[in-house]
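Hi,

Here is the structure I said I would pass on. Have a look at it first, and then read my notes below.

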Amino acid sequence: MGEPATLVSRRGVLKGQMTRILSYTLGERSNLEVNQIRSRKDRLKELYEAFEEVQSSIEEESGVSEDSENYRVEVEDVYYKAMANCNKIIKEEEPEQSITLYGLPAVTSESSFQLRQLIDGLNGHINALQMLGQQPKLWGSLLIHLITIKLDKECLREWETVSEKNEISTAEKLLEFLQNRFLVLEAIESSSGDNVQQVSGTVTKRWPNKSAANVSMNEIKCYNCTGAHTIYRCPSFLALSVSDRIKKIDALKLCKICLRSHPNVKCQSRRCAKCSRSHNSLLHLMKVDNLKKKNFATTTSEPSTNNTLTERSKVNSMEAASISALASKIDTCATVLLATAVVKVYDKDGNSMKCRVLLDSGSQNNLMTEEVCQILKLRRSRISCAIAGIGQSQQKSSSAVCATIESLGSNYKSTFEFLVLPKLTSNIPLMHIDTSNMNVPGNNKLADPQYYKPQKIDIILGASVFFEVLGTDRIQPVKNGVFFIETHFGYIISGQVPSIKNNPSSSIMSFVACTDMLKLEEKVLKFWQLEEITSEKSYSLEEKLCQQHFNSTVKRREDGRFTVCLPFRESVAKLGESLDIALRRFLALERRLNANESLKEDYVKFMGDTNEKIQVYRLNTITYGTVPASFLATGCLHKLAEEELTNHPGASEIIQNDFYMDDLLSGANTILDTIRIRDDVINILRKGGFELSKWAANDPILLEGITGSNNNEKNLIMELDNGPTKILGLIWNPKDDFLQYKVTPYESGSVINKRKILSDIASIYDPLGLIGPIITRAKLFLRTLFSKKYDWDESLPEAIENEWNIYRTNLYSLRQVNIPRGLIIDDVIKEIQVHGFSDASIETYGACLYLRVTNSTGKVEVRLIAAKSRVAPLKALSIPRLELCAAVLVCRLSNKIIKKLKLNISRRYLWTDSTIVITWISSPSTNWNVFVSHRVGEIQGLTSAHEWRHVKSDDNPADVISRGRDPAMIQSEKIWWEGPTWLKKKEIVWPTIPKVDKIGKIPETRKTINLVSTVNNDWWRRVTQAFQQIWSRWQKEYLAQLQQRSRWGGEKGPKVKIGTVVLMKEDNIPPLQWKLGKVVKLHAGPDKVVRVVTLLSAKGQFT
């Protein structure tokens, strides 16, 4: 073929050309055209064939050396990587076009515009699929059905009339019919004046009750190619990508909405059907972020790096929807094999295990079992993902992991993201498969050598991986039998196989999962829901059964510790015995060490040389990580407190109410009382085997003398160095007894979008609402972003960014806010009152509570207890309604907080600056419309009318939270922290309820209709006579029929008993005036039938 030097040079050129194609496929996806990828794929095949020819010639001339073989491996690596990238890009484009074709908007009425839009969409996507190597027009009935379901009733009826009855019509005929119908509709609409026509540079406008007809004899000409068609149908225009179409329209200076030329005239055509923005649907450009969101897993041919994992962790905040589907059926004659493979799965440290995976082309996400996740100790990322199956049965995945998968039969290695579930499917296949009639090829390596045995599935690989690992070879040894399909994992086996015909069993196993990432919009809706204070938790039936199980099985040992039984949902017998399994594993390890001396030496160095007898250890503590662990721990504490209630009532109540999990937060008014409580709690808990540690207090005296059961004091006291600590999420400075807030410094220059803003707002933990005005400002800011419908990752306008930067910078000043934890003054308390204030603005409403404490000398202290705010719904409500919502909020808040204070509160006052609300509350709830009636009824059920007072807006501290405050201003808002100034004075100077103008119309009054009628005496007399006649006939004709005659047989006479109350009939007076009598004696006749009785009435006895 040539000289060796020339061949070597030619070989290097071919390798370089293939390397450039590989580099091209690794470029930015937005810059890659599918047509270019296809041409490069063909070129790649030609280059590789040429390389094979050149390489074979070199090996014939110089022989096969190690360098020559290494060079071949390098070139093959470049070729296969480039080919895999080309296939991946092309296959990603094909389903996108098919999905978009299916999602075209339907024609809802006889409209030429809608029909034109459908025709253009169909032609565009069909042309795109044809350029991708598909033949959509050969889809036959499928494409016909896809198009006809988009048609309106009239169009569909017309098509059924003209289509062939004896054979299936083709897609070309249907498209031709639609084109002709569009021309007819366009002509009709033009003649009726429905469309705006442009003639000689003027516009004919639409006028009611007028019509205009414009006839144009000009020939249709395409703006793009000057062909005899509109630009909607131009093949060369439709073949362009969306970005190139936009450039072409700009170059032709056409309207981006109707794709026509009408300079200086506002376009009246409809906007994009996909996003409703000002462009044509053919110019709808999907955002890159949205394209990325569709791919939950990412793939790389190299081992993952830290940067790669960091990028993948961003997936957790995406809005994603996925569908997973797999099905297997066993009937009396056949079963279907699903594609399975055995692979290696690695964690981030390189540890691996073999897992059985199911290749599922119907799944948009990859799934992994909890067992594999725990064995590999994979790092989890928190997500919230609902997974729906057949019949909308749902599971929930709360975590996602990254793991690397490696093929056992090739050098394929990729990293993917997985959703974690407790279990994926049942064993696959459902029964043992007979392989005698399958003619398994012996020279092909199988991806799952034991495909015929029922085994569990550890991992499901979705469509994003399925098409990536597929090869080109496909074998079907037996007609209508299984297929052997080449993949990177080896040959997978899928298809129908014969089964035992005399097997009477029949079962179907199917699994369809649809995952829907819970949208952030739904989680943020709570910011502007109507007033909501969580009520007491109601327990489900399962939780009640768990409580009953605990009460019936909990026991106390002699040493005081509790013994509890785990509340299993199913039978414990399913767990089986694990001792034999553990013993077999131990002996297997022993045999392995005896066979490997070096491994045994390393093992002994680490574990020590122990020749002790095998012992069985039992876990005697609560198994943390199980669902009932927290309930069992808390239940034992409550049980212990109940048993010690008689001996230590105060400490027992504290154990029941002041514990959260294993954290105790409590105190008393004096140091002596606190020490007594401390010692009592320690002694009670020590009886049950509970040791308290990590003590912290606002007075060093309280930490003196605390010792554990082994007198080890050092481990019991927290070394805080006068610094703050966390108590249930709040920052507490024990030295100064202040509550504080932790805010991270603002990073200037960071990207500002809706997602970032929500993250910053959610990082502020304020369960009591003490800095509610600051949170209100943030909520209002977020509400504005929602009302303007900005996307989560969309860049915000400069004005909004500047406003948020100022707020976020000032937020750091919260670190200087110190809130006294104590509410009660250190003196003899004379009276304690609770005052609640409510207020509303057009955008928000809120409520705040204050504790007013008076000591023996008359000194008054007022402290803020708690506050709540709600953003008003996006649907506007009137100010009085919002004020009423705020009143409901303060009622619920006060009722919940007062129960928790455990103080002797003498009185409660509730204040509002709305006289309308005062009027509503002071009247029956039935007087008002439904919205007001329901809320007034709740207020009246929670409070009394005399508790409500009116306050001026200037003196209402709730005005601060309803309007919000800048973080830099909150420290100086004295009315927010201490309430209005008059609240510290005597009640005589407090505001009084203003007089309400009762003559004026009160809003929300329920309309009532009064009916007034006069009674005519003659009419009334006739009614009375008719009543008397009916009564007379009833007693003579009907009652007589009820009396039994002796000749009728059966029981004789009425069943009258002593004590029966009867009417005493008198013929001369109306029946309504008959007297009542009570039977006191029975007089039976010779036939033992009672016909006479003695009655006792108000006037005496009668017989």
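What follows is a quick tour of what turned up, from the whole chain down to single residues.

First, a caution: this is a predicted model. The protein has 29 helices and 32 strands. Of its 1103 residues, 38% are buried. The exposed surface comes to about 66,100 Å², and carbon and sulfur atoms supply 52% of that. If you take the contacts between residues at least 6 apart in sequence, 66% of them join residues at least 24 apart.

Leucine 446 sits in the loop between strand E10 (413-421) and strand E11 (459-461). Is leucine 446 buried or exposed? Its relative accessible area is 15%, and because the cut-off for buried is under 20%, leucine 446 counts as buried. What is it in contact with, beyond its neighbours within four places in sequence? The list is Val440, Tyr451, Phe484, Phe489, Gly490, Tyr491 and Ile493. Tyrosine 491 is 45 residues away from leucine 446 in sequence, yet the two C-alpha atoms are 4.6 Å apart in space.

The loop between E10 and E11 also holds proline 429.

Next, some lysines with backbone angles to check on your screen. Lysine 377 has a phi near 55 degrees, which is a positive value in a residue other than glycine. You will find lysine 377 in the loop between helix H12 (370-375) and strand E8 (380-388), and at 71% relative accessibility it is exposed. Lysine 694 also has a positive phi, near 55 degrees. Its place is the loop between helix H20 (671-687) and strand E20 (725-727), and with a relative accessibility of 62%, lysine 694 counts as exposed.

If you want a pair to click on, asparagine 733 stands opposite phenylalanine 738 in E22. As background, strands of a sheet pair through backbone hydrogen bonds, either parallel or antiparallel.

Finally, two helices. In helix H21 (residues 754-762), the buried residues are Lys754, Arg755, Ile757, Leu758, Asp760 and Ile761. At the start of H21, a side-chain oxygen of asparagine 753 comes within 3.3 Å of the backbone nitrogen of arginine 755.

Helix H22 (residues 772-787) has 16 residues and reaches 22 Å from its first C-alpha to its last, close to the 22 Å expected at 1.5 Å a residue. How many of the 16 residues of H22 are buried? The count is 13, so H22 is largely enclosed by the rest of the structure.

That's the lot from me. Happy browsing!

Technical notes. Residues numbered from 1 in each chain as written. Predicted model: local features only at pLDDT ≥ 70, side-chain atom pairs only at ≥ 80, totals over all residues. Heavy atoms only, no water. Helix = DSSP H or I, 4+ residues; strand = E, 2+ residues; numbered from the N terminus. Buried < 20%, exposed > 50% of the residue type's maximum accessible area, 1.4 Å probe, protein only. Contact = heavy atoms within 4.5 Å. Polar contact = N/O pair within 3.5 Å; in protein donor to acceptor, adjacent residues only side chain to side chain. Areas by Shrake-Rupley, 256 points an atom, 1.4 Å probe, with all protein chains shown as cover. Pairing = 2+ DSSP bridges. Expected span 1.5 Å × (residues − 1).
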